[in-house]
Amino acid sequence: MSVVTLTLDGRPVSAREGATLLEVCQESGVALPTLCHLDGLSDVGACRLCLVEVAGQRKLAAACVTQAQEGMEITTGSERLVRYRRQIVELLFAERNHVCAVCVANGHCDLQRLAASLGIDHVRYAYQHPALRLDASHPRFVADHDRCVLCTRCVRVCDEIEGAHTWDVAGRAAGCQVVTDLAAPWGESASCTGCGKCVQVCPTGALFEKEQAAGGMLSKHRDFLTYLKNAREKKEWL
Ligand code: FES
C-alpha cells in the first residue's frame with residue numbers, strides 16, 4: 001500500500017494513497033461536518049458541508065470526494081469555512097419546511113444537530129415555504145418532501161445495498177426531488193421491496209415509518225447505521 005504525506009491543520013499526517021480527505025480527517029481525529037456522507041455508501045459531494053481549504057487552490061474542496069495527494073496542505077476550520085457551513089445549513093432550513101417542533105425526527109435529526117453545533121439560532125434568509133407533495137401511499141412509510149435535503153442517501157442505499165433502485169432524483173433547482181419509480185406514488189412502486197433502508201438512512205424526517213409518527217423511533221435507525229458501517233468494513237455485500 002502506498003502512503004502519501006500531507007499537512008492537516010498545520011501538522012503532518014500520513015494517509016494511504018486513494019483515501020479521501022474526509023477519511024484522512026476521520027483517521028486523524030479531525031471532525032468535519034457532513035450530511036450526505038454515510039459510511040458504507042458511495043460519496044457524491046451533494047451537501048458541501050465537508051468543504052476544506054487546499055493551499056494553492058482558489059476553490060474549496062469537498063473532503064468526501066477529494067483524494068489525498070502527496071504534499072497537500074489542508075485547512076479544515078478557518079473562519080471562511082465556518083461561515084460557509086453556517087450559510088449552507090441556513091439555506092437548507094430556508095429552502096423547505098423544517099419545523100423541528102412538529103417533526104417526527106425532532107431530537108434525532110442530522111440537520112438539527114448540525115445547526116446546533118454551528119450555533120445557528122435563526123435563519124437570515126427568506127423562507128421559501130414550498131408546499132410539496134406528501135406521499136403516504138405506501139402501507140408502512142411516508143415521504144415528506146418538505147423535509148428533504150436532497151442528500152440522496154435514500155437513492156444510494158436503495159441502489160448500492162438493496163439493489164432495488166426504487167429511488168432516483170428528478171427535476172432541477174427548486175423543482176428537484178427524490179422520486180420512486182419514475183415519480184409514481186411510492187405505494188404503487190413495482191421495484192420497492194419494503195426493506196425500509198431508505199427510511200433508516202434519511203438524516204431528517206423526510207422519510208419515516210407511519211408507526212414512528214405515532215410513537216418512539218430511532219433506536220432502530222442507530223442500529224442500522226452501525227450495521228451498515230460494520231458491513232462496509234467486512235465488505236459483506238460485495
Ligand atoms: Fe461531503 Fe456532503 S459530506 S459534500
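A nonpolar core is a set of buried Ala, Val, Leu, Ile, Met, Phe, Trp, Tyr and Cys residues joined through side-chain atoms within 4.5 Å. In this predicted model, the largest such core has 45 residues. A second, separate core has 17 residues, and an open sheet of three strands is also described below.

**Largest nonpolar core**

- Leu6, Leu21, Leu35, Ile74, Val89 and Leu111 are the members that touch the most other residues of this core.
- At least two core residues come from each of the strands β1 (3-8), β2 (11-16), β3 (51-54) and β4 (61-62), and likewise from each of the helices α1 (21-27), α2 (79-95) and α3 (110-117).
- Helix α2 gives the largest share of the core, six residues.
- Both domain 1 (3-77) and domain 2 (83-234) contribute, each with at least three residues.

**Surroundings of Leu21**

- Apart from neighbours within four places in sequence, Leu21 is in contact with Leu6, Val52, Ala63, Thr66, Ala68, Met72 and Ile74.
- Two of these partners, Leu6 and Ile74, are listed with Leu21 among the core members that touch the most others.

**Second core**

- The separate core of 17 residues includes Cys148, Cys154, Trp186 and Leu207.

**Three-stranded sheet**

- The strands of the open sheet run in the order β6-β7-β10, and their pairing is antiparallel.
- Strands β6 (134-135) and β10 (207-209) form the edges, each pairing on one side only.
- Three bridges join β7 (residues 141-144) to β10 in the antiparallel sense.
- Across from Val142 stands Phe208 of β10.

How values were computed:
Residues numbered from 1 in each chain as written. Predicted model: local features only at pLDDT ≥ 70, side-chain atom pairs only at ≥ 80, totals over all residues. Heavy atoms only, no water. Buried < 20%, exposed > 50% of the residue type's maximum accessible area, 1.4 Å probe, protein only. Helix = DSSP H or I, 4+ residues; strand = E, 2+ residues; numbered from the N terminus. Domains from an automatic or database assignment. Contact = heavy atoms within 4.5 Å. Pairing = 2+ DSSP bridges.
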